[in-house]
Amino acid sequence: MELRSVEELMDLLYACRHQRALRTAALLRRGRPADKELQVAGLVHGIEELLGPADGAAHAVRHLLGERVYHLVRGDGAPADDDVLRLRQAGEESRTAGFDAGVLEDWRTVLELVAARNSRLGAVD
């Protein structure tokens, strides 16, 4: 499956139990507020419950959100890759975190920004 729009991605996110994904993204936002791709990777990682392992989720968002998000969701990179480690740590911390991470709709604009940036970069390649 390949997602072609933020709307399709939002539909999938709503179909998942997305509270943990929201907490993961919020934790990443706190630690790296300027790194939207890392935050988005934390948010979309949760769609693997519908699409299968992280590889399925990564392939689904690759065209829409770009190579970096694809590799983060897959967990690619050297074991010492700081961003992959941050994503994993935030995912683990989100299991026990008890704060209100907001609502999924709050992330639509961030998803649109990352998708638009990826689209522009793809047009240049």
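Residue Q19 lies in helix α2 of this predicted model. With a relative accessible area of 40%, Q19 is classed as partly exposed, because that value falls between the 20% limit for buried residues and the 50% limit for exposed ones. Q19 and L43 are 24 residues apart along the chain, and 9.5 Å separates their C-alpha atoms. A second pair, T109 and V6, is 103 residues apart in sequence, with a C-alpha to C-alpha distance of 9.3 Å. T109 belongs to helix α8 and is also partly exposed, at 49% relative accessibility.

The secondary structure of the chain consists of eight helices and zero strands. Along the sequence the order of elements is therefore written α-α-α-α-α-α-α-α. The chain has 125 residues, of which 44% are buried. Its exposed surface comes to about 6,700 Å², and carbon and sulfur atoms supply 51% of that area. Of the contacts between residues at least 6 apart in sequence, 72% join residues at least 24 apart.

The interior of the chain was examined next. In soluble globular proteins, nonpolar side chains tend to be buried together. The largest nonpolar core of the model comprises 39 residues. Within this core, the residues with the most contacts are L9, L43, V44, I47, L65, V69 and L111. Two or more core residues come from each of the helices α1 (6-15), α2 (19-31), α3 (36-44), α5 (54-65), α6 (67-74), α7 and α8 (108-124). L65, one of the residues with the most contacts inside the core, illustrates how these elements meet. When residues up to four places away in sequence are not counted, L65 touches L9, V40, V44, L111, V114, A115 and N118.

S94 is located in helix α7, which spans residues 82-96. Its relative accessibility is 0%, so S94 counts as buried. The side chain of S94 is joined to that of R20 by a polar contact of 3.2 Å. Beyond its neighbours within four places in sequence, S94 is in contact with R20, R23, T24 and L27. D83 is likewise found in helix α7. D83 has a relative accessible area of 16% and is buried, because the limit for this class is 20%. A polar contact of 2.7 Å links the side chain of D83 to the side chain of R68. With neighbours within four places in sequence left aside, the contacts of D83 are R32, D35, L38, R68 and L72.

A pair of aromatic rings is described by the distance of the centres and the angle of the planes. The count of aromatic pairs in the model comes to zero, with ring centres required to lie within 6.5 Å of each other. Charged groups, by contrast, are found over rings. The charged end of R29 sits over the ring of W107, at 4.0 Å from the ring centre. The charged end of R30 sits over the ring of F99, and here the distance to the ring centre is 4.3 Å.

How values were computed: Residues are numbered from 1 along each chain as its sequence is written. This is a predicted model: local features need pLDDT of at least 70, side-chain atom pairs count only at pLDDT 80 or more; totals for chains, interfaces and linings use all residues. Side-chain values use heavy atoms; hydrogens and water are left out. Rings of Phe, Tyr and Trp (its six-membered ring) pair if their centres lie within 6.5 Å; planes under 30 degrees apart count as stacked, over 60 as edge-to-face and the rest as tilted. A charge sits over a ring if NZ of Lys or CZ of Arg is within 6 Å of the ring centre and within 35 degrees of the ring normal. Helices (H or I, at least four residues) and strands (E, at least two) are DSSP runs, numbered from the N terminus. Buried means under 20% relative accessible area, exposed over 50%, partly exposed in between (1.4 Å probe, protein chains only). A polar contact is a pair of N or O atoms within 3.5 Å; within protein, one must be able to donate a hydrogen and the other to accept it, and residues adjacent in sequence count only if both atoms are side-chain atoms. Contact means heavy atoms within 4.5 Å. Accessible areas come from the Shrake-Rupley method with a 1.4 Å probe; for residues, only the protein chains shown count as cover. A nonpolar core is a set of buried Ala, Val, Leu, Ile, Met, Phe, Trp, Tyr and Cys residues joined through side-chain atoms within 4.5 Å.
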